[in-house]
Amino acid sequence: MNHKSHPVIYKTTKKVFLTLLFFSSWVISNAQGLKVSSPDKLLQVDLSVDNGRPNFTVLYKGKTMLEKSPLGLVSNIADLSQNLSLSGKKETFIDKSYTQTKIKKSNVRYQANEVTCTFINPKKQQLKIIFRVSNNDIAFRYALSQIGETARCIIQKEATGFDFPSETTTFLTPQATPMIGWMRTKPSYEEEYEAEAPLGKPSKYGLGYTFPGLFHVGKNGWVLVSETGVNSSYCGSRLSEGTKDGLFTLSFPEKGENNGIGSAEPGLPLPGETPWRTITVGDNLKPIVETTIPFDVVEPLYEPSTEYKYGRATWSWIVWQDNSMNYDDQITFIDLAAKLDYEYILVDALWDTQVGYKRMPELFNYAKSKGVGIFLWYNSNGYWNDAPQGAKNRMNNASVRKNEMKWLKSLGVKGLKVDFFGGDKQETMKLYEDILSDANEYGLMVIFHGCTLPRGWERMYPNYVSSEAVLASENLIFNQHFDDQEAFNACLHPFIRNAVGSMDFGGTLLNKRHNRKNDGGTIRKTTDIFQLATAVLFQSPVQNFAITPNNLTDVPAFEIDFMKEVPTTWDETRFIDGYPGKYCILARRHGEKWYVTGVNAGKESLKMNLNLPMLANAEVSFYLDNKDRTPRFEKKRIKANGDVSVEIQPEGGIVICK
């Protein structure tokens, strides 16, 4: 519809000039504020100014998902959080399509109604707030203009908040105190989640919560809050401690992050824009799991220097640990990758001393002869923690970094894994961007570990692959508690962490015991089929699987055959059923082949009737657990209507594929 062909003139006060009211009721404005609706008109944002303070309310299908929530910011040159009046607006309809091969969906069409509201204070200083409302998703950000000769500012704080109704419960993970933990490496986005917590409950460290945050608004539905589009021009943000009334505000990094180096307050050139804050809303969990909003509102920052290819990798360190970082063991895992038809091996920490720079070309050449590409581990370290592993002091200095990357390119290395970052300050965000942009010049992909949440980076940086930013598989080796909680955590990630970005979990551990000989160490509590299921459940375009050489003979052949064939990129993702922390069933499509994956965190079996139209009347491969937790594989024909009954054993899984 051509909205401009249906203007209706509406008289306003002198403070708000004449505006257009679209025939479609897309935007309705008056002296108090305006409403912005999604294209399907089910999601609505109400913007208003109360006593000079801008705020917004979110409704879905007429039900309140966010109560009146504050907007605005304060800089060192202007307070744009109060004494504001609405002075104008501009509306746009966004309709774009893009292809992104390394997220949960390869072809995306994004349609949204956008309104840019201009607010002004008594000093004639302006704040613009841009809202985009698509079906089930909201994105908003601030834009600042240059003020006279002043072409820069420091953002001292944001008034931005999210005020949830009193019946809301939360699924959140706390922000860690800076410079604590192993070798003073926190915060690293590796804290535990608490499910169904009441509003107002203090966080573990008293510093609020990392993005993303999932909120269950009683019978009204679900809300996922995060941010995207963060690069070197801003810091990463988080949610504050929530009040008992349900208000969470936006917080900047702690001053102690990065060993206290660098400002916790972002500097912004003028004119300038903040990152996008995102809100995904639904009366069920399907929009939460399937959202693409982190990528819809950002654009690539540079062109890829080469065609980057994704796939599967082996790595010795996850099970065999530090002692495996020697030449012979790396040869063993290169051979394992070749036997599995995997594209890569990840050569992890300590290669610089335990293999040595001089012998690394020999290792690279052997991998090349086997058709296996190399990802190589680096410590990000400069001054921000005490992590001792090498290679060190190669990624934090521009000239050293470029020389190192030139050497890697000459040897045919395909990618880097860079570890141990120091926080969310703007200075750290600049380091992420510098590593990525330099790596692209040398045709290198990048995985981040011990790091912050990716914020739209899959689309912004063509050579970005994935980030850990989760309590990942290494913790299963370190502490039995995390094995005991593995199924619970796995049933959270598709709804929260993995909903907004690729997740380098490094899983699918087929050893029963987590040590080199499979006879000691921590004990896996989940079934083999659960482990196979997570290979599909967790999304990352490069998957570093924890398979070890003994698995080729000590697990059933059908498990290895599955792991030889499982893809790592997806053309479509559909949420089937689930509840955070309890169970999750997803369907993912790679080309013409569908994989339906399910896991159960409960202590009792889960019996369900599923409707899987994508598998209707098809003969499928069915991977499941017997009641004694042993794995089973069978061929099965799905009914013509797509109905299938499944039983998922406690801490077990299923995979159905055709």
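Student: Where is the place of Leu350?
Tutor: This is a predicted model, and in it Leu350 lies in the loop between β26 (344-347) and α5 (351-356).

Student: Which phi does Gln321 have, and where is Gln321 found?
Tutor: Gln321, which is not a glycine either, has a positive phi of about 65°, and it is found in the loop between α3 (317-320) and α4 (327-339).

Student: What makes Gln354 buried, exposed or partly exposed?
Tutor: Gln354, whose place is in helix α5, has a relative accessibility of 36%. Since buried requires a value under 20% and exposed a value over 50%, the 36% of Gln354 falls in between, and therefore Gln354 counts as partly exposed.

Student: With which residues is Gln354 in contact, leaving aside its neighbours within four places in sequence?
Tutor: With that exclusion, Gln354 is in contact with Asp322, Met325 and Asn326. By comparison, the C-alpha atoms of Gln354 and Gly602, which are 248 residues apart along the chain, are separated by 43 Å.

Student: How do you know how many disulfides there are?
Tutor: The rule asks for a pair of cysteine sulfur atoms within 2.5 Å, and by this rule the count comes to zero.

Student: Why do Cys584 and Cys657 count as buried?
Tutor: The cut-off for buried is under 20%; Cys584 is at 0% relative accessibility and therefore counts as buried, and Cys657, at 4%, counts as buried too.

Student: Which residues touch the most other members of the largest nonpolar core?
Tutor: They are Phe56, Phe131, Leu376 and Phe448, in a core of 203 residues. The largest share of this core, seven residues, comes from helix α14 (residues 528-537).

Student: How do the axes of helix α7 and helix α8 cross?
Tutor: The axes of α7 (residues 398-410) and α8 (residues 426-441) come within 10 Å and cross at roughly 35°, and the crossing is right-handed. On the side of α7 the contact is made by Arg401, Lys402, Met405 and Lys409, while α8 contributes residues including Leu431, Asp434 and Ile435. By class, this contact has four nonpolar, no polar and six charged residues.

Student: What makes the peptide bonds at Lys186 and Pro187 and at Gly390 and Ala391 worth a look?
Tutor: Most peptide bonds are trans. A cis peptide bond, however, joins Lys186 and Pro187, with omega of about 5°, and Pro187 lies in the loop between β16 (168-172) and β17 (194-198). A cis peptide bond also joins Gly390 and Ala391, where omega is about 15°, and the place of Ala391 is in the loop between β27 (373-379) and α7.

How values were computed: Residues numbered from 1 in each chain as written. Predicted model: local features only at pLDDT ≥ 70, side-chain atom pairs only at ≥ 80, totals over all residues. Heavy atoms only, no water. Core = buried A, V, L, I, M, F, W, Y, C linked by side-chain atoms within 4.5 Å. Buried < 20%, exposed > 50% of the residue type's maximum accessible area, 1.4 Å probe, protein only. Helix = DSSP H or I, 4+ residues; strand = E, 2+ residues; numbered from the N terminus. Axes fitted to C-alpha atoms, helices over the stretch in contact; angles between N-to-C directions. Left-handed = near helix turned anticlockwise from the far one by under 90°. Contact = heavy atoms within 4.5 Å. Nonpolar A, V, L, I, M, F, W, Y, C, P; charged D, E, K, R; others polar.
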